[in-house]
Amino acid sequence: MASGLRILVPVKRVIDYAIKPRINKAQTGVETAGVKHSLNPFDELSVEEAVRLRERKGPLKVDNILALSAGGPKCADTLRTAMAMGADRAFHIDVPDSNDGGLEPLTVAKTLRAVVEKENINLVLLGKQAIDGDQGQTGQMLAGLLGWPQATQASKVDVKDDQGTVEITHEVDGGVETLKAKLPLVITTDLRLNEPRYASLPNIMKAKKKPLEKKTLADFGVEDKKRLKTLKVTEPPTRQGGGKVEDVDGLIGKLKELGAL
Amino acid sequence: MVFAARTSVLRAARAQFTPTRAAFAFNQSALARLLSTLAVLEQRDGKLQGSSVSAIAAALKLGGPVTAFVAGAGVKATSAAEAAKYKGVEKVVAVESEAYEKGLPENYAPLLVENIKKGEYTHIIAGHGAFGKSLLPRVAALLDVQQVSDITAIESEDTFVRPIYAGNAILTVQSTDPIKVITVRGTAFQDAEPTGGSASVTDGADPNAPAQTEWVSEELSKSERPDLATASRVVSGGRGLKSKEEFDRIMVPLADSLGAAIGASRAAVDSGFADNSLQVGQTGKNVAPQLYLSVGISGAIQHLAGMKDSKVIAAINKDADAPIFQVADVGLVGDLFEKVPELAEKVKSA
């Protein structure tokens, strides 16, 4: 059916995974100003997989890889990173920065649906979750809205033939499961899918020349409607480290004392 | 006279307040009366899976009648009957069809939506396992509602608590959607009783939505050990174990001596020491056992996210400055290749 793969890779700018987030004084959210941000690790995997699909020269050629991000002006950096890794072009959907976690997954999914329809996309690769909100919903919601098949937490993606049959191995509780589906398709990526490349300096330079279009939610007929209201954000209860023991007997004694043995 | 005038003013003032209060009270009771929860249960080969317990437990916490939902091949005699025995479950809706046996979201989501509309449920709950995670957001989108994922507590019928940022922040969130679609963290809701109930089992609606994906195969790691997500004791190994051979040589006897499930850090999984399904952390499993014993794990925030709700945390690591010691109730600094076999031996002979 498909002459080639037209891939959409939505990416999110999040607080860097190595940084311990701090909660703001008003308990309304997490402090984001002046904190190092980067591309959501799972989205790196999906960009990488899109680029590998092109390099693998499978039965279906990759026509185009479109990266997309919704958020404040700094999302452009995230999109440049995606393009330096190999995406061909990018959409930046301008949404004012806010402290309330940004767009809700349903809103993002609705936006992506409109993009898919306008840009004639037949494969969407998303990360399985963003490491800030930890919701893990957007891909499944998009598949539902489009009425497309979905494969979540993929650890292997294999395009079988030029008819657009794709075999996906994905992680389930207690092991893996393999599914077969036809394009168009939504896939969410898991850690084991691949090892993302580093963007090389020449590619970073080249990425600056690739087209990055600025869009708004209104361009896609979507409203930023909030269904969930943040009542408060608090610190998790802190654990008190209990100190150390000298030897194995001490360890066993302490565990008995704590009622764990 | 003055006194009487004052009381009448007071009364007038009160009268102004009373209608709102009455309306509010009515609203509350109307909500309580109309609140009705569907617990979506995962089944495999006729047996309810671990995530189902948390769905039932959370549904019971909401108050209001609880209906359980099961679909798959010949489920009425098996998993639906099992669900009917849970204390507090009023009704079980079962759909018997081979088409839903593998829980594929493409046809399972329309099936659920059909039954949700028919039953007029206000709350839809599933466990936050692979089944619930892939199915429920699709259902939420079809219902045009914003799901609340991986909740750890219920404050009221519309207010829920969930960890964000790998558990480094706790969010209390209020849903304004007419139907609340929720996944729950298994370790936070474990107290459903699998006996004492006698719910009726009825047939659900089957819209016969086409299956868009074909199930090809699965590879599940077979294990006699307790299930990692629900085990009361977990021993977990990290990069410090150096190889798969050493991981098995050191961790298996330790797990055996304690009757514990085996877990692993991402580093150990990525290096091939242990299977992916054993990963504990933000992107793996969340565990909250009575005892979590970490061996050769430094304690990165992504790992802590998956285990810091454990009752007692013990750590063995040769690096005295490893972050794991900041959360461990008891720590032992030493060479794990020496200390762990000694520990296993002493526990066994005790």
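In which loop of chain A is A:N120 found? A:N120 sits in the loop between α3 (105-119) and β6 (123-127) of chain A. The model is predicted, and its values are computed from the atoms.

**Backbone points in chain A**

A:N120 has a phi near 55 degrees, a positive value in a residue other than glycine. The peptide bond from A:L183 to A:P184 is cis, and its omega is near -5 degrees. A:P184 lies in the loop between β9 (175-182) and β10 (185-189) of chain A.

**Helix packing**

| Helix pair | Crossing angle | Axis separation |
|---|---|---|
| α6(B) and α10(B) | about 25 degrees | 8 Å |
| α3(A) and α4(A) | roughly 50 degrees | within 8 Å |

Take chain B to start. Helix α6 covers residues 244-258, and helix α10 covers residues 336-349. Their axes meet at about 25 degrees. α6(B) and α10(B) are therefore roughly parallel to each other. Their crossing is left-handed. On the α6(B) side, the contact is made by B:E246, B:R249, B:I250, B:P253, B:L254, B:S257 and B:L258. α10(B) answers with B:L336, B:F337, B:V340, B:P341, B:L343, B:A344, B:V347 and B:K348. By class, this contact has 11 nonpolar, 1 polar and 3 charged residues.

Now chain A. The axes of α3(A) and helix α4 (residues 138-146) cross at roughly 50 degrees. α3(A) and α4(A) are therefore oblique to each other. This crossing is right-handed. From α3(A) come A:P105, A:L106, A:V108, A:A109, A:K110, A:L112, A:R113, A:V116 and A:E117. They meet A:T138, A:M141, A:L142, A:L145 and A:L146 of α4(A). The contact of α3(A) with α4(A) divides into 10 nonpolar, 1 polar and 3 charged residues.

**The interface between the chains**

How many residues of chain B are in contact with chain A? The count is 85 residues of chain B, in contact with 76 residues of chain A. The area buried between the two chains is about 6,700 Å². Carbon and sulfur atoms give 53% of that area.

There are 6 salt bridges between chain B and chain A. Side chains of opposite charge can pair when their charged atoms come close. The side chains of A:K110 and B:D144 meet in a salt bridge, at 2.7 Å from N to O. A:K110 is also one of the α3(A) residues that meet α4(A).

**Salt bridges overall**

Over all chains, the structure holds 32 salt bridges. Among them is the pair A:D63 and A:R6, with the closest N and O atoms 3.9 Å apart. This pair links distant parts of the chain, 57 residues apart. A:D63 is in strand β4 (residues 61-71), while A:R6 is in strand β1 (residues 4-10).

How values were computed
Residues numbered from 1 in each chain as written. Chains lettered and ligands numbered in written order. Predicted model: local features only at pLDDT ≥ 70, side-chain atom pairs only at ≥ 80, totals over all residues. Heavy atoms only, no water. Axes fitted to C-alpha atoms, helices over the stretch in contact; angles between N-to-C directions. Helix = DSSP H or I, 4+ residues; strand = E, 2+ residues; numbered from the N terminus. Parallel < 35°, antiparallel > 145°, perpendicular 65-115°, else oblique. Left-handed = near helix turned anticlockwise from the far one by under 90°. Contact = heavy atoms within 4.5 Å. Nonpolar A, V, L, I, M, F, W, Y, C, P; charged D, E, K, R; others polar. Buried area = accessible area lost by both parts, 1.4 Å probe. Salt bridge = Lys/Arg side-chain N within 4 Å of Asp/Glu carboxyl O.
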